[in-house]
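Visitor: Hi! I'd like a friendly walk through a protein structure. Could you show me one and let me ask things as we go?

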Amino acid sequence: MTQHLALAVADAVADLLADPESAPVGPRTTTTDRQQLAYGPPGIALLHIERAAAGLGSWQRAHNWLAAATQQPFTSGPDSHPFYGAPALAHAVVCAAQHQPGPYQRALLALDAQIDNDIRRRLDVAHRRIDAGHLPQLAEFDVIRGLTGYGAYLLHRDPHSLTLSRVLDYCVRLTESVSDDGETLPGWWTASGPSGRPDERFPGGHTNSGMAHGIGGVLALMAFAARRGNAVAGHHEAIRTILAWLDRWQEDTGSGTVWPYWVTRAELREERLAPSAPRRPSWCYGTAGLARAQQLAALALGDRRRQVEAEMALVAVLANSAQLKATTDNGLCHGYAGLAHIAARTAADAHPSTAPQLRAAISPLLTAVCPPWTDPATVAAAMVRDEQAGPGFLNGAAGIALALLAPATAVPPTSPWDSCLLIA
């Protein structure tokens with residue numbers, strides 16, 4: 001019943017968001033957020049692209065949202081990034097073009113040229129920064145704004161391209177240690193706080209573990225690339241360097257392994273983490289996303305022990321009431337629907353000894369999103385009209401509806417909509 005209810009909610013969300021001209025969305029969606037993958041039309045288009053590719057909806061709905069996104073030119077160059085501007089649009093268009101190549105091929109070629117130029121410019125800047133011995137900014141390498149996000153795009157668009165190999169070469173360099181104020185730091189250490197801006201709460205900066213903004217996303221990109229046959233010099237050693245760092249800072253809670261959101265300079269010097277309350281195990285930060293990244297790395301390295309340990313860490317955290325209690329929404333980024341989707345993706349690649357446990361964890365997560373005996377139309381309407389989360393992809397209704405599909409059907413996505421998150 002839970003799976004049927006989840007599918008009914010996803011259907012109802014898609015119907016409410018059928019057409020940008022009539023959808024009950026605020027003006028930000030198609031104006032201020034027009035170029036945003038996270039909040040705007042490109043992310044909502046992903047919902048209809050996946051549904052059409054799976055035979056659950058019409059391609060016209062997807063086309064309408066892509067058309068709404070492109071009524072004005074998209075930003076490219078230094079002011080764009082994987083979740084904003086031309087690269088954000090390109091991700092949605094790639095997902096559509098895999099099933100409808102004719103209508104989108106010309107636009108995609110133009111977008112590819114812009115993106116390739118942007119990646120080359122970013123790589124030049126990044127290598128000059130490394131050569132000078134300076135610390136990176138999060139936006140240089142992360143999934144949302146940086147080179148890892150561009151790598152995620154290329155991994156599905158052109159997995160054996162020279163440009164992707166150059167991004168991977170950069171990732172290898174990123175894992176090389178650096179010296180700062182006489183201390184040896186991992187190459188992805190940033191002088192800022194997690195926001196990417198100077199923060200007095202993070203004197204000396206931090207190293208970010210997350211999938212969205214930290215080394216977790218880099219690990220996932222390198223693991224996927226290695227599994228698909230695009231490994232560069234030093235590739236596997238770089239994966240092992242990241243894994244060794246995560247091993248150093250993992251904690252055993254008594255009920256499972258967890259990883260910190262970040263490590264501060266003070267914690268590095270004291271060689272232990274400061275006490276903290278349980279944190280939500282989300283995609284963007286926390287154990288769920290990192291467990292998936294470690295599973296992928298283990299598969300790339302052929303390390304069965306690490307694979308099972310990563311999968312069991314996800315099983316444990318999805319049964320940890322204290323951590324789940326810290327999860328306060330249903331969104332894809334850091335909510336219950338996102339956890340269900342990660343569990344489904346991880347189970348699909350899991351060792352036979354852990355796959356059943358991962359699948360068993362999915363139903364309670366779906367129940368958290370869609371409680372029994374609730375009306376799907378009412379639940380969907382509340383999601384779409386939620387003023388804080390909005391109707392979009394990363395936190396809002398479209399992303400929730402997308403994230404419900406694979407867990408509820410036990411069928412992997414038909415389009416690569418979640419490749420921008422580097423969980424698939």
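**A first look around**

Guide: The protein has 424 residues, and a compact globule of that length would have a radius of gyration near 22 Å; the protein has 20 Å, so the two agree. Keep in mind that this is a predicted model.

Visitor: OK, what does the C-alpha trace span along its principal axes?

Guide: The trace spans about 60 × 50 × 40 Å.

Visitor: And how many helices and strands are there?

Guide: The protein has 20 helices and six strands.

Visitor: What share of the residues is buried?

Guide: Of the 424 residues, 59% count as buried.

Visitor: What about contacts between residues that are apart in sequence?

Guide: Take the contacts between residues at least 6 apart in sequence: 70% of them join residues at least 24 apart.

Visitor: Changing topic: how far apart are the mean positions of the positive and negative charges?

Guide: They are 2 Å apart, counting 33 positive and 38 negative charges.

Visitor: How many disulfides are there?

Guide: The count comes to zero. A disulfide is a covalent bond between the sulfur atoms of two cysteines. For the count, the two sulfurs have to be within 2.5 Å.

Visitor: Let's look at helix H8. Why is it called largely enclosed?

Guide: Helix H8 covers residues 147-157, and nine of its eleven residues are buried, so the rest of the structure largely encloses it. Among the buried ones are Leu 147, Gly 149, Tyr 150 and Tyr 153.

Visitor: What covers them?

Guide: The cover includes helices H5 (86-97), H6 (101-131), H7 (138-141), H9 (162-174) and H10 (215-227).

Visitor: Now a single residue. Where is Trp 189?

Guide: Trp 189 is found in the loop between strand E2 (183-185) and strand E3 (206-208). Its relative accessible area is 0%, so Trp 189 is buried.

Visitor: Which residues does Trp 189 touch?

Guide: Leaving out residues up to four places away in sequence, Trp 189 touches several, including Leu 135, Pro 136, His 206, Arg 265 and Leu 268. As for Val 379, its C-alpha atom is 42 Å from that of Trp 189, and the two residues are 190 apart along the chain.

Visitor: And Leu 5, is that buried or exposed?

Guide: Leu 5 is buried, with a relative accessible area of 10%. This residue is found in helix H1 (residues 2-16). Setting aside neighbours within four places in sequence, Leu 5 is in contact with Cys 370, Pro 371, Pro 372, Thr 374 and Pro 376.

Visitor: One last stop: which helix holds Thr 346?

Guide: Thr 346 is found in helix H16 (residues 336-348). At 1% relative accessibility, Thr 346 counts as buried. Not counting residues up to four places away in sequence, Thr 346 touches Arg 292, Gln 295, Glu 311, Leu 314 and Leu 358.

Conventions:
Residues are numbered from 1 along each chain as its sequence is written. This is a predicted model: local features need pLDDT of at least 70, side-chain atom pairs count only at pLDDT 80 or more; totals for chains, interfaces and linings use all residues. Side-chain values use heavy atoms; hydrogens and water are left out. Helices (H or I, at least four residues) and strands (E, at least two) are DSSP runs, numbered from the N terminus. The radius of gyration is taken over C-alpha atoms; the globule rule is 2.2 Å times the number of residues to the power 0.38. Buried means under 20% relative accessible area, exposed over 50%, partly exposed in between (1.4 Å probe, protein chains only). Contact means heavy atoms within 4.5 Å. Lys and Arg count as positive and Asp and Glu as negative; His and the chain ends are not counted. The place of a charge is taken as NZ of Lys, CZ of Arg, CG of Asp or CD of Glu.
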